[in-house]
Amino acid sequence: MKLEVTQLTKCYGKTRAADGLSLSVGAARVLVLIGPSGGGKSTLLRLLGGLETADEGIIEINGQRLSTEVSALQAYRRKNGFLFQQFNLFPHLTARHNIALPLEKVHGHPPAEALVLAEQALDRFNLLDHADKLPAQLSGGQQQRVGIARAVAHQPEVLFLDEPTSALDPEMTAEVLELIQELAEAGQDIILSTHEMGFARAVADQVAFVAAGKIEELSPPAGLFAAPKSALCQRFLSRVMRY
Amino acid sequence: MNRRQLFANVLVAMILAVVFAWLCTSLFAVLGKQADWSKTWEYREALWNGWLVTLGISFAALIGSIFFGLLFMLGQRSHLVVVRCTCRAFLEFVRDTPLLVHLLFGYFVIFAPLLARPLGEHGLDDKLIIGVLLLSVFEGAYLGEILRGGVESIPRTQWESARAVGFSPFQVYRYVIFPQALRRVLPAMAGLFVSLIKDSSLLSVIGVAEYFYNTRNVISRSYAGLEGYIPLAVGYLILTLPVAWLSHWLEKRFRHET
């Protein structure tokens, strides 16, 4: 995946969540965004995922410029996948139907075929036992895994994950991270934000440190974690790695 | 229930039964002698026809109010400020004036001058049609607010997730928001439909020959007392009780589900 972001600005009221942000990634399978809360990770991810439009600036993914037009953005969202921190699943539908419904209504598969595809997606991540449960009957980790299964069921070009494990306990975090690693190894392009530094180091091709609406530093994980160049990034890492 | 509560319950029940029995006997002592149930039987056709008209009005206005309710709900969520404000102002007007005023104003001032002749020429009952329309708009205004509350109670993440999987705005409502919102507002909607059935009796003021109108005519023609008013009350109960029971049942069912 190739990514080119130029002078991106997004304001919420007076807060500049993205403040002239530029980012250039030549080739990376997995791009991980790290940084302090409120620094603009989520905003950047939402802009890249086509859930919001920037006030200013240009985003190019794989050489294609991201439009700001409503229908073009909808088409863009359809060919990618997006997962939030929590409450991704539709609570009135079983796991199976959560996956089958978009396949049928968005991607145009006939209902029977959509159900078969949903079953395959669940089977791939060992979730078939939970196919007929409602989200409320699943643990947080299982919900996130079903959420990921839904996001990749239509073979998205890029999978966006916004702090997918922040609302989970350590054990569930591990099961979700394993699944993401599996996906990365299978060749899925992923852009994700996380607070799990160990995971970022293990799975990322490129790590971007985002703070105050800007990219402070971008480099492969080995370099960034061993010898961060920017002072902000040094301070952040020394703080989060202390315990 | 312990013994003291049991005793208190029995005592209160007995007192209430005695009061009710006393009320009934003293009323029947005055009115019962004159009650002549053959009058009710004699006018059965008028009563039955009126009841059927009320049933029809209720059913038609129920459908109509759902239509207008959806319209008002969507209008209030529109991106256009003008649409939003107009909707808000109209709803405020409808909700802050009595239905009786609406019916009189709406029929005699607005619709009758416009529609009475063309509808009459097609052999249609203009009072009935305009009455149902006005009732639908009135109840639709309340329904619109109920629906809006339901739709706005769905958390933001659901809208986002629905957008993220690629649903169009229509699909977001159809497959994600409405199924969840309707569950939440069903009891309130059922309550509104009970009101709608009762409110249909007000159409008598513009001369629609529904149950209340016909019964009142029968009573004034035959000088009936109890034998006219009891069927009147029972007739409405037959329509409203099933809806009320349905609402309680729904309330229980969805309370356990979430």
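In what order do the 4 strands of the open sheet in chain A stand? The order is S2-S1-S4-S5, with antiparallel pairing; strands here are DSSP runs of E of at least two residues, helices are runs of H or I of at least four, both numbered from the N terminus, and two strands pair if DSSP finds at least two bridges between them. The model is a predicted one, in which local features need pLDDT of at least 70 and side-chain atom pairs count only at pLDDT 80 or more, while totals for chains, interfaces and linings use all residues. Residues are numbered from 1 along each chain as its sequence is written, and chains are lettered from A and ligands numbered from 1 in the order in which they are written.

At the edges of this sheet lie strand S2 (15–25) and strand S5 (64–65) of chain A, each of which pairs on one side only. S5(A) is joined to strand S4 (residues 56–61) of chain A by 2 bridges, in the antiparallel sense, and Gln64(A) in S5(A) has Ile61(A) opposite. Helix H1 (residues 41–48) of chain A packs on the sheet, where it touches strand S1 (3–12), S2 and S4 of chain A; two residues are in contact if their C-beta atoms, placed from the backbone, lie within 7 Å. The direction of H1(A) makes about 65 degrees with that of S2(A), with axes fitted to C-alpha atoms, for helices over the stretch in contact, and angles running from 0 to 180 degrees between N-to-C directions.

Further along chain A comes a hairpin, formed by S9(A) and S10(A) with 2 residues between them. Strand S9 (residues 206–211) and strand S10 (residues 214–219) of chain A pair in the antiparallel sense over 5 bridges. Opposite Glu217(A) in S10(A) stands Phe209(A), and in the turn Ala212(A) has a positive phi of about 50 degrees.

Turning to chain B, the secondary structure consists of 10 helices and 0 strands. Chain B has a radius of gyration, taken over C-alpha atoms, of 23 Å, well over the 18 Å that the globule rule gives for 258 residues, so chain B is more spread out than a compact globule; the rule is 2.2 Å times the number of residues to the power 0.38. Along the principal axes, the C-alpha atoms of chain B fill a box of roughly 75 × 70 × 30 Å.

The contact between the chains takes 16 residues from chain A and 16 residues from chain B. On the side of chain A, helix H2 (70–79) and helix H3 (95–105) each supply at least two residues.
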